[in-house]
Amino acid sequence: MSLVAQARRIAPLLAANCGEDDRRRRLSDSSWKLLLDGGFLRALQPGRFGGGEVPLLDFVDAMIEISRVSPSAGWVAGVIGVHPWQLALFNDKAQREMWDGDPTAMHSSSYNPTGKAEKVPGGYKLSGRWSFSSGCDHCRGVMLGALCGSREIGGNQVRDFRSFLLLSDQYRIDDNWHVAGLKGTGSKDIVVEDAFIPEYRTQSHLDYATNLPLPGQEVNQGPLYRLPWSVVFNMAIAVSALGSARGFVDAWIVATRDRKLGSGGRAADDALIQERIATATWYLDASITRVRADAIELWQMAEAREPVSMQQRAQVRWNMNRGCELVGQAVASLFRAASGRSIFLSDPIQRRFQDLQAALAHAYLTPDLLARAVGGMILGATKLEMVF
C-alpha cells in the first residue's frame with residue numbers, strides 16, 4: 001500500500017482522535033501509534049534501518065492527506081518525519097547511537113537558536129531554553145539549533161548555525177503548551193543545562209547551504225539524502241499547512257452548502273460567497289500543484305546528482321511560502337463569510353481556522369526575505385538576499 005493510500009485509510013481514526021489530542025495538548029498514544037505504525041514518521045528514514053526511504057513526493061502527498069483530517073497529527077508527522085532524514089546526513093555513529101537499540105526511536109526539534117553553544121574539546125556545551133518542540137513527549141531525543149562562531153561564505157562572514165542532537169537524559173521538557181491552535185502538537189519548551197554534545201552529533205547548516213559533502217551520505221547514498229535541508233524542512237511544514245487549509249475548506253463547504261441567509265435565501269446562491277470559495281479553492285489547488293511540481297523537479301535533480309543552488313532554493317521556498325500566504329488570506333475571507341456560530345470554540349470551523357493560523361505563524365513560512373531574494377534575482381540586484 002502506498003503512503004498516501006495508507007494516510008487515507010487511517011484518516012477516519014485520526015479525525016476521531018482530534019478532540020482527545022487537543023484536550024491532552026499533545027498527540028494521544030493512539031494517534032502517535034497510527035503515525036508510527038503507518039510508516040509516516042519513518043518515511044524518510046534510511047532503508048538500512050527499516051525506514052521507508054520514500055521519494056519526496058510520496059511524503060508530500062501523505063502529509064497533505066493527514067493534515068486534512070487532523071492538523072495536529074499532520075504537523076507532528078511533517079516535522080518529526082523530517083528528523084530521521086536529517087539524522088541520516090550525520091556521522092554514522094550518531095545514527096547508530098539513536099537507532100541501533102530501537103530503529104523506531106524518534107526525536108523532536110527546535111531550530112530557532114535561542115540557547116547558547118560553546119566550543120569545547122571534543123564537541124560543544126549547550127545551555128538554554130528552546131521553544132515549540134512539536135511531538136517532544138513521544139520522542140527520545142531532540143535536535144536543537146544554536147549559533148557558534150562564524151565562517152566565510154561568498155566573501156561574507158556568516159554566523160555558523162548548527163544542529164545539535166541531544167539524547168533524552170540531556171534535557172527536560174517544560175509543559176507550557178497552552179495555545180489556541182495546533183493544540184494537539186504538544187510543542188513544548190526544551191530546557192538544557194550545560195550538556196556536552198560530541199562533535200559527531202552536530203552539523204553545520206552552512207555545509208547544507210554550500211552543498212558540501214556530508215558524512216551520512218557515505219552510508220546513505222540514495223537520492224533522498226542529496227536534497228537540500230532548508231527546502232525539505234520548509235516543504236514539510238508548508239504541506240502540513242496546506243493540508244490543514246484543505247480541511248478547513250472541506251468543513252466550510254459542509255457548513256455553508258445548506259446555510260440560510262438572513263434574507264431568506266441560500267448561501268450557496270449568493271454570488272459573493274460563490275466568488276470566495278472559488279478563489280480559495282483555486283489558490284489551494286494552485287499552491288499544492290506548485291509544491292508537487294517542485295518536489296518532482298528536486299527529486300529529478302537529486303537522481304541526476306545536480307546540486308541545488310542557493311537561488312533555486314530561494315525560488316522553491318518562495319513558491320511554497322507565497323502559496324501558503326495566499327491560501328491563508330483566502331481562508332480568512334471564507335471565515336469572515338461564515339455563520340456567526342463559527343465564533344464558538346466547539347465549532348469545527350473555529351478549530352480549523354485557529355489550527356491554520358498557528359501553522360502559518362511558523363517563522364520558516366514567512367515569505368518576506370524570500371521575496372527579496374527572488375525579486376533581487378529577477379531584477380539583477382547588486383547584492384542578493386542570502387537565504388539558506
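Guide: Start with a cluster: Tyr-111, Tyr-208, Trp-229, Phe-233 and Tyr-364 are linked by ring pairs. The model is predicted, and local features need pLDDT of at least 70, side-chain atom pairs pLDDT 80 or more, while totals for chains, interfaces and linings use all residues. Residues are numbered from 1 along each chain as its sequence is written, and side-chain values use heavy atoms, without hydrogens and water.

Visitor: How is a pair of aromatic rings described?

Guide: Two things describe such a pair: the distance of the centres and the angle of the planes. Rings of Phe, Tyr and Trp (its six-membered ring) pair if their centres lie within 6.5 Å; planes under 30 degrees apart are stacked, over 60 edge-to-face, the rest tilted. There are 12 aromatic pairs in this structure. In one of them, Tyr-111 and Trp-229, the centres are 5.1 Å apart and the planes at 70°, so this pair is edge-to-face.

Visitor: Are Tyr-111 and Trp-229 buried or exposed?

Guide: Buried means under 20% relative accessible area, exposed over 50%, and partly exposed in between (1.4 Å probe, protein chains only). Tyr-111 is buried at 9%, and Trp-229 is buried at 5%.

Visitor: What kind of pair do Phe-248 and Phe-353 form?

Guide: Their planes stand at 55° with centres 6.3 Å apart, so the pair is tilted. Phe-248 is buried at 0% relative accessibility, and Phe-353 is buried at 13%.

Visitor: Which ring does the charged end of Arg-317 sit over?

Guide: A charge sits over a ring if NZ of Lys or CZ of Arg is within 6 Å of the ring centre and within 35 degrees of the ring normal. The charged end of Arg-317 is over the ring of Tyr-364, 4.0 Å from its centre.
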